[in-house]
Amino acid sequence: EVAGVPEEEPETDPAEKAVKAFEALTDSLMEPVKGDISMAQIDAFVNAFKALPEKVREEELHHALNLLPDENSLYLLGILMDTSLDKELKELVFNDFLNRGDEVKQPMLKAVFKQKSHPCWADAAWILDVTGALPAQKAQ
């Protein structure tokens, strides 16, 4: 103990560490990011999310969905488009995006539509179709 500050335990639980790291990252994204968001930043966010223990992922995702403004939604798009994550997690992000402005919603729908194997593809295709925003199909 140094000056009343208890020493950190050297054996920090990796799961706890991952949760703290993700929450700190999420908290840092509560304000719109200045400048462009790079793929490296999105990958870092997705990797921090994937480092979380599975049992807390949904709770932490809700936390991120509630805190991240539309301007930072590209970070969430990274989770939505990650092929290794659970369908339920992708659906949470997808449904959150549907409640955001068109400037966020439209690029998300088009990204999902491009990935036919995406669990939300049929919903995205339907929404794009009924809103008249379905991308033109290339003739085979």
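A salt bridge is a side-chain nitrogen of Lys or Arg within 4 Å of a carboxyl oxygen of Asp or Glu. Keep that in mind as we walk through the structure above. It is a predicted model, in which local features need pLDDT of at least 70 and side-chain atom pairs count only at pLDDT 80 or more, while totals for chains, interfaces and linings use all residues. Residues are numbered from 1 along each chain as its sequence is written, and side-chain values use heavy atoms, with hydrogens and water left out.

Let's start with the overall plan. The protein chain has 7 helices and 0 strands, where helices (H or I, at least four residues) and strands (E, at least two) are DSSP runs, numbered from the N terminus. Read from the N terminus on, the order of elements is α-α-α-α-α-α-α. Of the 140 residues in the protein chain, 38% are buried; buried means under 20% relative accessible area, exposed means over 50%, and partly exposed lies in between (1.4 Å probe, protein chains only). Contacts tell us something about the fold too, a contact being heavy atoms within 4.5 Å. Among contacts between residues at least 6 apart in sequence, 62% join residues at least 24 apart.

Now for the charged pairs. Side chains of opposite charge can pair when their charged atoms come close. How many salt bridges does a search of the whole structure find? It finds 6. One of them links Arg 100 with Asp 70, whose closest N and O atoms are 2.9 Å apart. Arg 100 sits in the loop between α5 (87–98) and α6 (102–114), and Asp 70 in the loop between α3 (54–67) and α4 (73–81), so this pair ties together parts that are 30 residues apart in sequence. Arg 100 counts as buried, at 10% relative accessibility, whereas Asp 70 is partly exposed, with a relative accessible area of 26%.

Other salt bridges stay within one helix. In helix α5, Glu 91 and Lys 87 are 4 residues apart, which means they are separated by about one helical turn. Their side chains meet in a salt bridge, N to O, at 3.6 Å. Glu 91 is partly exposed at 28% relative accessibility, and Lys 87 is partly exposed with a relative accessible area of 44%. Lys 105 counts as buried at 17% relative accessibility, while Asp 102 is partly exposed at 46%. Salt bridges can also share partners, and in this way Asp 70, Asp 96 and Arg 100 are joined into one network.

Next, let's see how helices pack. Two packed helices are described by the angle between their axes and the distance between the axes. Here, axes are lines fitted to C-alpha atoms, for helices over the stretch in contact, and angles run from 0 to 180 degrees between N-to-C directions. The axes of α4 and α6 come within 11 Å and cross at roughly 20 degrees. That makes α4 roughly parallel to α6, since angles under 35 degrees count as roughly parallel, over 145 as roughly antiparallel, 65 to 115 as roughly perpendicular and the rest as oblique. On the α4 side, Ser 73, Leu 77, Leu 80 and Met 81 make the contact, and on the α6 side Val 104, Met 108, Ala 111 and Val 112 do. By class, this contact has 7 nonpolar, 1 polar and no charged residues; Ala, Val, Leu, Ile, Met, Phe, Trp, Tyr, Cys and Pro count as nonpolar, Asp, Glu, Lys and Arg as charged, and the others, Gly among them, as polar.

Leaving aside neighbours within four places in sequence, Ser 73 is in contact with Phe 97, Arg 100 and Val 104.

Finally, turn to α6 and helix α7 (residues 121–130), which pack at an angle of about 125 degrees with their axes 8 Å apart. The two helices are therefore oblique to each other. In this contact, Gln 106, Leu 109, Lys 110, Val 112 and Phe 113 of α6 meet Trp 121, Ala 124, Ala 125, Ile 127 and Leu 128 of α7. By class, the contact of α6 with α7 has 8 nonpolar, 1 polar and 1 charged residues.
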